[in-house]
Amino acid sequence: MTNLPTDIINKGAEAWIFQQRNSIIKYRPEKEYRHPLIDSKLRKFRTNREMKIMAKLKELNIPCPNILDDNKANLFLSEKKYTHDYAITMEFIDGFQLKSIVDRANMHRFADQLGGTVAKMHANDIVHGDLTTSNMIVRNDTLHLIDFGLSNFTAKEEDKAVDLHLLKEALNSKHPLIATEFFDEVIEQYARNYPGAKDILDRLKLVEKRGRNKH
Ligand code: AMP
């Protein structure tokens, strides 16, 4: 039991991702350069916030990993002295990153789903914070969002506009040939599904203008 195979699939600065069969364990490592008390507080706060966001998205029926209270993962965590204060155990979404499968032929259904999902999140005052096509996993034709490490509860128009702006930039950089069409379709669904969309889209224009003036 204690020697279950666990693969580390990503060891980033902010999070280490382990996979254990059908679960993912996302652990926030220590940062040596921070004061230990501040570090501990911050890691706990961010772990907790990420869990709260995922729980809220589940309530809203937005496809994302289920949070698991998996015994085997608990065992792994205690063995390695990774406490649950800094780790989330969640369902492994066994699919394909949108980044690797999106093309001109299939983009419409994914753009529609994404527009609907972001609309629902923003209508409920949640921003994702890192809407890239690596953080979207398609399983059975359904687009699931992952990685809520930069997500936040916020009602600010600015935060929602920046969320869209970052998506647009990510599309432009990773999928330049379909980016404009894809983003326009996302926005069409967004506007259809979020009564407050107009104000956010007006704000988005300002955010973009600001971006252009910087160069
Ligand atoms: P993150 O630090 O949360 O962005 O995770 C890094 C990478 O691990 C992601 O880009 C995914 O490829 C993978 N990953 C993280 N969580 C999951 C999950 N619940 N299901 C499937 N893959 C995941």
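I137 stands opposite H144 in strand β8. This pair sits in a predicted model, where local features need pLDDT of at least 70, side-chain atom pairs count only at pLDDT 80 or more, and totals for chains, interfaces and linings use all residues. Residues are numbered from 1 along each chain as its sequence is written, and side-chain values use heavy atoms, with hydrogens and water left out. Helices (H or I, at least four residues) and strands (E, at least two) are DSSP runs, numbered from the N terminus.

**The sheet with β7 and β8**

- Strand β7 covers residues 136–139 and is joined to β8 by 4 bridges. The two strands run antiparallel.
- They belong to an open sheet of 3 strands, in the order β5-β7-β8. Pairing in this sheet is antiparallel. Two strands pair if DSSP finds at least two bridges between them.
- The edge strands are β5 (96–97) and β8 (142–145), and each pairs on one side only.
- Helix α4, residues 107–123, lies across β7 and β8. Its direction is at about 40° to β8. Axes are lines fitted to C-alpha atoms, for helices over the stretch in contact, and angles run from 0 to 180 degrees between N-to-C directions.

**The sheet of β1 to β4**

- Another open sheet has 4 strands in the order β1-β2-β3-β4, with antiparallel pairing.
- β1 (7–11) and β4 (87–91) stand at the edges with a single partner strand each, so one side of each has no neighbour in the sheet.
- From one strand to the next, the twist averages 20°.
- β1 and β2 form a hairpin, with 4 residues between them.
- Strand β2 spans residues 16–20 and is joined to β1 by 4 bridges. In this antiparallel pair, D7 stands opposite Q19.
- Helix α1 (residues 36–59) lies across β3 (23–27) and β4. The helix runs at about 25° to β4.

**Helix packing around α7**

- Helix α5 (residues 157–174) packs against helix α7 (residues 197–214) at an angle of about 65°. Their axes are 8 Å apart.
- The contact (heavy atoms within 4.5 Å) includes A161, V162 and L164 of α5 and I200, L201 and L204 of α7.
- By class, the α5 contact with α7 holds 7 nonpolar, 1 polar and 8 charged residues. Ala, Val, Leu, Ile, Met, Phe, Trp, Tyr, Cys and Pro count as nonpolar, Asp, Glu, Lys and Arg as charged, and the others, Gly among them, as polar.
- Helix α6 (residues 179–193) also packs on α7, at an angle of about 145°. Here the axes are 9 Å apart.
- F183, I187, Y190 and A191 of α6 meet A197, I200, L201 and L204 of α7.
- This contact of α6 with α7 has 8 nonpolar residues, no polar and no charged ones.

**Around the ligand**

- There are 15 residues around the ligand, and K26, E91, I93, Q97 and D147 come nearest. A residue is near a molecule or strand if one of its heavy atoms lies within 4 Å of it.
- A nitrogen atom of the ligand lies 2.9 Å from a polar backbone atom of E91.
- An oxygen atom of the ligand is 3.2 Å from an N or O atom in the Q97 side chain.
- For D147, an N or O atom of the side chain is 2.7 Å from an oxygen atom of the ligand.

Notes. A polar contact is a pair of N or O atoms within 3.5 Å; within protein, one must be able to donate a hydrogen and the other to accept it, and residues adjacent in sequence count only if both atoms are side-chain atoms.
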